[in-house]
Amino acid sequence: MGYESLRDWLKALEKAGELQRVSAAVSPVLEMAEIADRSAKSGKGTKRAGGPALLFENVAGYKGARVLMNQFGSERRMRMALEVDSLDDVAKRIETLLHPVAPASFMDKLKMLPVLAEVGGFFPKRLDGKDAKNAPCKEVILRGEDVDVLKFPVLQTWPQDGGRFITLPCVVTRDPKNGKRNVGMYRMQVYDGKTTGMHWQRQKVAAEHFRDRLRGASQDVAGAVDLMALTAGGTTAAVDTSSVPQTVLAKIRGERMEVAVAIGTDPATTFSAIVPAPPEVEEYLIAGFLRQKAVELVKCETVDLEVPATAEIVLEGYVELGELRTEGPFGDHTGFYTLQDEYPVFHITCITHRKDPIYAATVVGKPPMEDAWMGKAVERIFLPLMKLTLPEIVDVNLPAEGVFHNLMIVSIRKSYAGHARKVMNGIWAMGQAMFTKCVVVVDEDCDVQDVAEVTLRVANNIDPERDIQFTLGPVDSLDHASRLPNFGSKMGIDATRKWAAEGFTREWPQMLTMDAHVKSRVDSIWKDLGIE
């Protein structure tokens, strides 16, 4: 039940024949990324799609270092990471929690007690005293001049990247309003041994924590509104600060927000950092639910935050509210370089790590790559949560080629005129789904996982002028085609059958299907026909 650490996970991968040890000397600058990319794209259409997980044991320029890549890069490994036979099994567990059967008798209530006790066991557990002091992540503690993140084999993954980037971090922040922790995954460009960029995109939870601290520096609500407008929500330097009181400016320039970064955690904790959970639900709890066991945490040395006790590497530090720095370019999962932009700067005050740390990394680019399998798992887990708000949804598909935020295919139980458009707007109002550039809605009898069938329905079922809807709103920071950074248009396609109630007065033809008795007859003689 639950992998205790990254090392337990590696043992399981090796036992299952899913780990390839690489003994040849390989550089962390471009070479590892090229090898991981080729591996991720190998075996397409076969059971070996995605290649093996890769453990580089001879890192050029870093004696004794080890780098793990492509750990989540196949359907089988994704299932192994979450310890399920099918990714839909996690969704079923979530549905059971969201829709428990109401107890009809006293005995039924008693039967629910073990379930409630089990859920209670998923909450993170903080270690103290000797247990905390002896935690694996505290085996080596570096402060002051000993702090140097470049001692680790941080990767450069694409030729035109702005430098080396930490690509698989669990970034921990705390909500200044209620104290809840958030664990997110944001790339970090390494500027030097003690500073990195912190690429939390505008609509991410950690970025909201940052904005809340900016708002808190204002003297009143009107001042907070002014500050948000001047800085585009804390994402750009204000050109004119004449309307901001000097006391507020001084407070902003002196205000720090504590941050901790865990690299190389157990697979459930790493995965939980990318799950689009509601802000009020801690990712450490999600990790506990996924691994069916509480995540053990320890307090950091220099900041008031907790990190997984078995993490391979922990970076502690802060960002200053008044400091932004150019970050990028970065070869991203869209298949294009993300252009340079301004982001907060992370100052490292302390590094703790295991004695022989394993550096966990990933490379993103043109799909399919490792993140495609992680995204598919998110899709299946997110489905029951979507159904809470939009119960008419039957299934969703986020094709890897749509890089997840560019295309969502949805099947619904259509019940009234305009229903497809209601679903489109509901999706655009739902957390991170607001970034979806194109939403395609089909009827419940269409298998959204069969892209060929979806294409047939869309191509045949729409009148483009009538059935395509456009709207404006926030778009992903990685969208290079939008009219403005972070703001642009989105498209919804209603590929459902059109009703008379929607103004469609022509006859709608039936789709082709063979008679059931004919299909049964052919099934019975198929083997005798000798047709391969």
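In which helix does Leu-529 lie? Leu-529 belongs to helix H16, which covers residues 516-529; helices here are DSSP runs of H or I with at least four residues, strands are runs of E with at least two, and both are numbered from the N terminus. The structure is a predicted model, in which local features need pLDDT of at least 70 and side-chain atom pairs count only at pLDDT 80 or more, while totals for chains, interfaces and linings use all residues. Residues are numbered from 1 along each chain as its sequence is written, and side-chain values use heavy atoms, with hydrogens and water left out.

Leu-529 has a relative accessible area of 43% and is therefore partly exposed; buried means under 20%, exposed over 50%, and partly exposed in between, with a 1.4 Å probe and protein chains only. Together with Val-522, Trp-526 and Ile-531, Leu-529 makes a nonpolar surface patch of about 350 Å². Such a patch joins nonpolar side chains (Val, Leu, Ile, Met, Phe, Trp, Tyr) within 5 Å, from residues with over 30% relative accessible area and no salt bridge. The areas come from the Shrake-Rupley method with a 1.4 Å probe. A contrasting leucine is Leu-142, found in strand S5 (residues 140-143), which counts as buried because its relative accessibility is 15%.

The salt bridges come next. Side chains of opposite charge can pair when their charged atoms come close. With a salt bridge defined as a side-chain nitrogen of Lys or Arg within 4 Å of a carboxyl oxygen of Asp or Glu, the whole structure holds 37 of them. One of these joins Arg-7 to Glu-312, with the closest N and O atoms 2.8 Å apart. This pair links distant parts of the chain, 305 residues apart: Arg-7 is in helix H1 (residues 6-15), and Glu-312 is in the loop between strand S13 (306-308) and strand S14 (313-327). Both partners, Arg-7 and Glu-312, are buried.

Strand S13 also contributes Glu-306, which pairs with Arg-174 of strand S7 (residues 169-174) across 132 residues of sequence. Glu-306 counts as buried because its relative accessibility is 4%, whereas Arg-174, at 21%, counts as partly exposed. Both residues belong to a network of salt bridges that also includes Arg-126, Asp-128, Arg-181 and Glu-282.

A further salt bridge, 2.7 Å from N to O, connects Glu-18 and Arg-77. Glu-18 sits in the loop between H1 and strand S1 (19-22), and Arg-77 in helix H3, 59 residues apart. Glu-18 and Arg-77 are both buried. The buried residues of H3 are Arg-77, Met-78, Met-80, Ala-81 and Leu-82. After H3 comes Glu-83, which has a positive phi near 55°.

Notes. Patches are made of residues with over 30% relative accessible area and no salt bridge: like charges are joined within 9 Å, nonpolar side chains (Val, Leu, Ile, Met, Phe, Trp, Tyr) within 5 Å.
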